[in-house]
Amino acid sequence: MSRKRDFALLTAGILVGAALAPTAAHAVSEVLAATRSYQPVYVDGRQVQMEAYAINGHNYMQLREVGQAVGFEVYWDGEAVQIVSDKPYTGLPPVQPSAPAAKDYSTQANPLTFTDELTPAIYNAVRDTVVNRESIMEGQEPVSMGTDVTRNSSLDNALAGMGHYPIYELLYRDNGYVCNVRYPEAYHEAAAHTQSFVDSLSGLTDREKVEAICWYVADRITYETVYAGPNKVLVQDGKVPGSCMAYSASFQFLCNRANIPCILLSSQTHQWTMVYVDGQWWDVDVTAEYFTPPEDRPSAHVMTDPAERYGSDFTDQDPAATLFAQEALVPGSTK
């Protein structure tokens with residue numbers, strides 16, 4: 001090992017050429033003349049063949065040939081010469097592991113989900129974020145949607161309908177849009193205040209959880225045409241005034257925390273929710289359930305089939321966004 005080191009140090013004093021960048025080597029050649037040198041070279045007493053050049057009274061040899069003869073690694077990594085003293089010579093940079101291919105979630109989804117605007121690439125990016133639940137700030141490697149993303153459209157409506165805690169949002173990064181997820185600080189108090197209620201749902205069926213969440217929210221809002229978000233409704237145990245948006249947003253907040261897939265839907269005059277329970281999507285209108293007397297609750301049908309909707313209050317403003325949100329949360333759930 002000492003002979004290798006001594007020889008490498010010696011040659012470092014008499015070598016230059018191969019380590020120079022092309023522009024620097026060209027500049028040197030304009031002022032220095034090089035001729036073939038026939039000085040013998042020995043490694044551990046054994047003569048080796050190397051191409052050498054006499055330049056301005058010094059002998060120059062290619063560093064890669066020295067590495068090959070002595071037995072140390074040397075290679076060009078595209079930016080600098082790299083010497084690895086404890087590895088045998090190959091002359092090749094190490095192979096970098098290729099990034100794993102992004103998973104194609106779109107094959108699991110209902111083909112009707114995709115439009116010219118809501119493409120499989122966009123779906124894959126959103127679904128990957130839903131699966132991983134890690135924000136970009138926490139180290140998530142987001143899947144790119146590309147550059148053909150239409151803002152203020154069905155995609156924005158779909159993301160807005162998928163949750164308050166967490167929320168899904170579009171960010172522009174590295175020349176393309178990606179989907180990020182985060183838990184807004186404004187809702188931390190509501191999460192803490194309702195933790196014991198969420199814990200109490202353990203052991204219930206999903207249908208029973210939906211019913212319990214519905215009555216929990218209904219008991220905390222008196223219907224008035226003002227908005228109150230989960231950060232107002234769910235931080236107290238009394239009643240606050242709120243519109244249909246207050247009921248639906250607070251209901252979805254708790255469904256998200258209880259792992260019940262839930263999305264928001266809107267018409268021109270109303271907002272309600274859908275939940276995925278027992279293999280299908282159901283409508284839940286907590287605003288209407290608020291008017292159910294306590295004695296009638298045990299027999300109330302909190303979940304209703306969407307096929308039973310009637311009237312303009314329940315005419316979905318953006319069916320494409322609804323379908324996309326459903327499939328992003330539960331692939332194949334609308335087939």
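**Hairpins and a helix crossing**

Me: Which residue stands opposite Tyr172 in β9?
Reply: In this predicted model, Tyr172 stands opposite Tyr177 in β9.

Me: What makes β8 and β9 a pair of strands?
Reply: Pairing needs at least two bridges. Seven bridges join β8 (residues 167–173) to β9 (residues 176–182). So the two strands pair. They run antiparallel. They form a hairpin with two residues between them. In the turn, Asp174 has a positive phi of about 55°.

Me: How do you know that β4 pairs with β5?
Reply: Use the cut-off again: at least two bridges. β4 (residues 52–55) is joined to β5 (residues 58–61) by four bridges. So β4 and β5 pair, and they run antiparallel. Ile55 stands opposite His58 in β5. This hairpin has two residues between the strands, and Asn56 takes a positive phi near 55°.

Me: Which residues make the contact of α4 with α12?
Reply: From α4 come Ile122, Tyr123, Val126, Arg127 and Val130. From α12 come Phe324, Glu327, Ala328 and Leu329.

Me: How many residues of that contact are nonpolar, polar and charged?
Reply: Seven are nonpolar, none is polar and two are charged. Arg and Glu count as charged, and Arg127 and Glu327 are in the contact.

How values were computed: Residues are numbered from 1 along each chain as its sequence is written. This is a predicted model: local features need pLDDT of at least 70, side-chain atom pairs count only at pLDDT 80 or more; totals for chains, interfaces and linings use all residues. Side-chain values use heavy atoms; hydrogens and water are left out. Contact means heavy atoms within 4.5 Å.
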